[in-house]
Amino acid sequence: MGTGEALLVGLLVLVLAVALLSNALVLLCCACRAELRARASGVLLVNLSLGHLLQAALDMPITLFGVLHGRPPSAPGTCQAIGFLDTFLASNAALSVAALSADQWLAVGFPLRCAGLLRPRNAGLLLACAWGQSLAFAVAALGCSWLGYSSAFASCSLRLPPESEHLRFAAFTAAFHAVGFALPLAVLCLTSLGVLREARSHCRRMDTATRKALVLLTDLHPSVRQRCLIQQKRRHHRATRKIGVSIATFLICFAPYVVTRLVELVPSVSVNPHWGILSKCLTYSKAVADPFMCFLLCRPFRQVLAAMAHQLLKRCPPPASAHHSSLDAENDSCLQQSL
């Protein structure tokens with residue numbers, strides 16, 4: 001085994017282990033706290049984590065086997081079954097991310113008008129649509145015998161068919177990535193732009209209220225005023241950072257593999273196996289990025305995880321004040337220090 005193969009094996013093992021642990025933690029948090037499952041976003045997140053967990057438990061080990069041995073598993077039908085699962089889960093993950101982004105946009109932009117839409121039942125309808133589309137592509141690929149071992153990616157997934165079926169396969173691949181990559185990316189960008197616009201509008205309103213309060217409180221120390229204004233400016237950049245990280249993660253994880261798959265359709269182009277396996281590892285890394293985005297950007301999950309850690313260490317649970325929003329806590333702390 002060369003240096004390149006050894007590095008790819010180490011990367012795959014790391015992604016597999018972290019994906020199993022992090023997605024299991026997300027599901028455990030949802031199981032322990034009922035309010036996380038009471039909203040549409042909780043149902044969508046459970047679906048996303050279950051898909052990632054299946055991918056880490058069933059799909060990634062087969063790719064690891066292919067990198068180590070240079071061939072698919074010898075059991076008949078195994079590679080076709082894993083290829084079916086890989087096609088289904090890849091499309092379902094991207095569509096679930098788009099659905100989560102749309103749910104966030106509705107919750108932020110239309111909290112009262114769309115409150116009835118943010119229910120688990122409606123999330124089930126979104127999941128049914130995502131499953132239906134993903135299942136349709138997976139069944140079509142299986143029916144056309146386009147699932148098998150791809151040596152360029154060392155994985156059981158879509159593989160190049162004979163020359164006579166190349167045109168149909170190219171049309172199928174273009175449609176598959178249009179629905180499983182371009183459409184979710186467009187939804188993610190549009191809804192994120194709406195969320196960012198609403199967040200900036202909220203920050204401007206908060207700035208106005210804070211400045212008026214600071215004007216009325218004439219006995220404030222100048223350092224306290226300056227600290228409050230600095231905290232207000234930080235909020236302007238916080239929403240932009242979160243949205244930028246979300247879109248960048250989606251592109252970094254999916255774009256190299258999608259572009260490589262499309263370039264592979266050109267008859268005169270052959271994909272380098274090292275690059276093909278690396279691009280496949282990047283798609284697997286989405287199963288790691290999503291749970292970390294969940295824990296880093298969602299306060300309720302951090303609170304549940306902290307409570308679980310305290311219980312394991314036989315300590316007291318975190319105080320109830322941790323459930324207040326960070327924006328109100330920061331404003332209150334700035335004003336209370338001056339009184």
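# Salt bridges, a hairpin and a charged patch

Glu 264 counts as buried, since its relative accessibility is 8%; buried means under 20% relative accessible area, exposed means over 50%, and partly exposed lies in between (1.4 Å probe, protein chains only). The model is predicted, so local features need pLDDT of at least 70 and side-chain atom pairs count only at pLDDT 80 or more, while totals for chains, interfaces and linings use all residues. Residues are numbered from 1 along each chain as its sequence is written, and side-chain values use heavy atoms, with hydrogens and water left out.

**Salt bridges**

The side chain of Glu 264 meets that of Arg 261 in a salt bridge, a term for a side-chain nitrogen of Lys or Arg within 4 Å of a carboxyl oxygen of Asp or Glu. Arg 261 is likewise buried, at 3% relative accessibility. The structure holds 4 salt bridges, among them the pairs below.

| Pair | N to O distance |
|---|---|
| Lys 280 and Asp 86 | 3.0 Å |
| Glu 264 and Arg 261 | 3.1 Å |
| Arg 168 and Glu 165 | 4.0 Å |

Helices (H or I, at least four residues) and strands (E, at least two) are DSSP runs, numbered from the N terminus. Lys 280 counts as buried because its relative accessibility is 2%, and Asp 86 counts as buried at 5%. In the pair of Arg 168 and Glu 165, Glu 165 is partly exposed, at 23% relative accessibility.

**The hairpin**

Strands β1 (residues 147–150) and β2 (residues 155–158) run antiparallel and are joined by 4 bridges; two strands pair if DSSP finds at least two bridges between them. Tyr 149 stands opposite Cys 156 in β2. The hairpin has 4 residues between the strands, and Ala 154 takes a positive phi near 50°.

**The positive patch**

Arg 241, Lys 242, Arg 299 and Arg 302 form a positive surface patch. The elements that give two or more residues to this patch are α7 (222–263) and α10 (299–312). Patches are made of residues with over 30% relative accessible area and no salt bridge, like charges being joined within 9 Å and nonpolar side chains (Val, Leu, Ile, Met, Phe, Trp, Tyr) within 5 Å. Arg 302 is found in helix α10 and counts as partly exposed, because its relative accessibility is 33%.

Note on methods
Areas by Shrake-Rupley, 256 points an atom, 1.4 Å probe, with all protein chains shown as cover. Lys, Arg positive; Asp, Glu negative; His and termini not counted. Charge placed at Lys NZ, Arg CZ, Asp CG, Glu CD.
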